[in-house]
Amino acid sequence: MARMLTEKDFDMTDIGTRFEVDEVIPNFAQEERKDDNGNVILDSNGKPRKFNTDEIIGYSYNVTIKDGRFKKKSTQIKVMQLDPLCTNDDVMTEDEILVGFENIQLSFNGKALYYKADNIFFLDNKK
């Protein structure tokens, strides 16, 4: 009997090369916290719950894919750089902001796919 086709049979990192930025979201460092009795606060699975701090450690970019087999689909790509390439004000004032990413990797595979990349850059010399 032949093996069943699975998602591992597809290159989920081949999502395109041109992206339009729809939103820029800061990513915050996380920490564990203790309750008033000194016990670590746990989540519903019994694992230590993580809380966001005020420290920004990178940015996630909600993007629309502009080329390739996933053209017109949306995803989120996280880049761990302290300075965002653009802001939400830029997104609102520009007709479109076209970007590319270096070394895109799948970071979460669930109902939606989320990605991470080493770098983000403008395309077409246009912001």
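**Figure 1. Strands β5 and β6 run antiparallel and are joined by four bridges.** Strand β6 covers residues 113-117, and Asn109 has Leu113 of β6 as its bridge partner. Strands are DSSP runs of E with at least two residues, numbered from the N terminus; two strands pair if DSSP finds at least two bridges between them. The model is predicted: local features need pLDDT of at least 70 and side-chain atom pairs count only at pLDDT 80 or more, while totals for chains, interfaces and linings use all residues. Residues are numbered from 1 along each chain as its sequence is written, and side-chain values use heavy atoms, without hydrogens and water.

**Figure 2. An open sheet is formed by seven strands with mixed pairing.** The order is β5-β6-β3-β2-β1-β4-β7. At the edges are β5 (105-109) and β7 (119-122), each pairing on one side only.

**Figure 3. Phe19 and Phe101 form an edge-to-face aromatic pair.** Rings of Phe, Tyr and Trp (its six-membered ring) pair if their centres lie within 6.5 Å; planes under 30 degrees apart count as stacked, over 60 as edge-to-face and the rest as tilted. Here the centres are 5.2 Å apart, with 75° between the planes. Phe19 lies in β1 and Phe101 in β4, 82 residues apart. Phe19 is buried at 0% relative accessible area, and Phe101 is buried at 10% (buried is under 20%, exposed over 50%, partly exposed in between, with a 1.4 Å probe and protein chains only).

**Figure 4. Phe108 and Tyr114 form a tilted pair.** Their ring centres are 6.0 Å apart and their planes at 50°. Phe108 is partly exposed at 45%, as is Tyr114 at 34%.
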